[in-house]
Amino acid sequence: MTLPVESTAPPASLFDANVLLGPLPKRPADAPEDVAALLATMDHYGVARALVTHSEAKWRDVATGNSRLTREIAGNERLVGCWTVLP
């Protein structure tokens, strides 16, 4: 006879490792563009934390975009900044 096992482990937390923050000309209509909308979307899908890159750094100017990313996610422990680098 097998007895059920009760888990004392906390529920699994999802970490999205591919998030883009900021404006894009061909962004889907319901895609989040700012931190507040991103956090709401993460809540909707049950994502606890995310690795975030800024569209400005990826598609326009690296230094400006990285600076903007740092500023926009400052103080938010759910968002982990991922700077864009050039070779």
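Trainee: Leaving aside its neighbours within four places in sequence, which residues is L51 in contact with?

Mentor: In this predicted model, L51 lies in strand β2. Once neighbours within four places in sequence are set aside, the contacts of L51 are F15, D16, A17, N18, V19, V80, G81 and C82.

Trainee: Which residue stands opposite L51 in β3?

Mentor: Strand β2, which covers residues 47–54, is joined to β3 by three bridges, and the two strands run parallel. Within β3, the residue standing opposite L51 is V80.

Trainee: Is L51 buried, partly exposed or exposed?

Mentor: The relative accessible area of L51 is 24%. A residue counts as buried under 20% and as exposed over 50%, with partly exposed in between. L51, at 24%, is therefore partly exposed.

Trainee: How far apart are the C-alpha atoms of L51 and V19?

Mentor: Along the chain, L51 and V19 are 32 residues apart. Between their C-alpha atoms, the separation is 6.0 Å.

Trainee: What is the order of the three strands in the open sheet, and which are the edge strands?

Mentor: Strands of a sheet pair through backbone hydrogen bonds, in either a parallel or an antiparallel way. Here the pairing is parallel, and the order of the open sheet is β1-β2-β3. Two strands pair on one side only, and these edge strands are β1 (14–21) and β3.

Trainee: Which strands does helix α1 touch, and what angle does its direction make with that of β2?

Mentor: Helix α1, made of residues 35–45, packs on the sheet and touches β1, β2 and β3. Helix α3 (residues 62–73) also lies across β1, β2 and β3, running at about 150° to β2. For helix α1, the angle with the direction of β2 is about 145°.

Trainee: Is L38 buried or exposed?

Mentor: L38 is found in helix α1, and, apart from residues up to four places away in sequence, it touches V19, L21, P32, V52 and L79. Its relative accessible area is 5%. Since the cut-off for a buried residue is under 20%, L38 at 5% is buried.

Trainee: Which residues line the largest pocket?

Mentor: The largest pocket has a volume of about 170 Å³, and β1 and α1 each supply at least two residues of its lining. By class, that lining has seven nonpolar, two polar and one charged residues. The lining residues are D16, N18, V19, L20, P32, L38, T41, M42, Y45 and V47.

Trainee: Is E56 buried or exposed, and in which helix does it lie?

Mentor: With neighbours within four places in sequence left aside, E56 is in contact with D61, T64, G65 and R68. Its relative accessible area is 14%, and under 20% counts as buried. E56 is therefore buried, and the helix in which E56 lies is α2.

Trainee: Which residues does T84 touch, not counting residues up to four places away in sequence?

Mentor: T84 is placed in the segment after β3 (79–81), and it is buried, with a relative accessible area of 17%. Not counting residues up to four places away in sequence, the residues touched by T84 are T53, A57, K58, V62 and N66.

Terms used: Residues numbered from 1 in each chain as written. Predicted model: local features only at pLDDT ≥ 70, side-chain atom pairs only at ≥ 80, totals over all residues. Heavy atoms only, no water. Helix = DSSP H or I, 4+ residues; strand = E, 2+ residues; numbered from the N terminus. Buried < 20%, exposed > 50% of the residue type's maximum accessible area, 1.4 Å probe, protein only. Contact = heavy atoms within 4.5 Å. Pairing = 2+ DSSP bridges. Axes fitted to C-alpha atoms, helices over the stretch in contact; angles between N-to-C directions. 1 Å grid on protein atoms, 1.4 Å probe; cavity = no way out; pocket = protein on both sides within 12 Å on 5 of 7 lines; lining within 4 Å. Points joined across faces, edges and corners; volume = space filled by probe spheres on them. Nonpolar A, V, L, I, M, F, W, Y, C, P; charged D, E, K, R; others polar.
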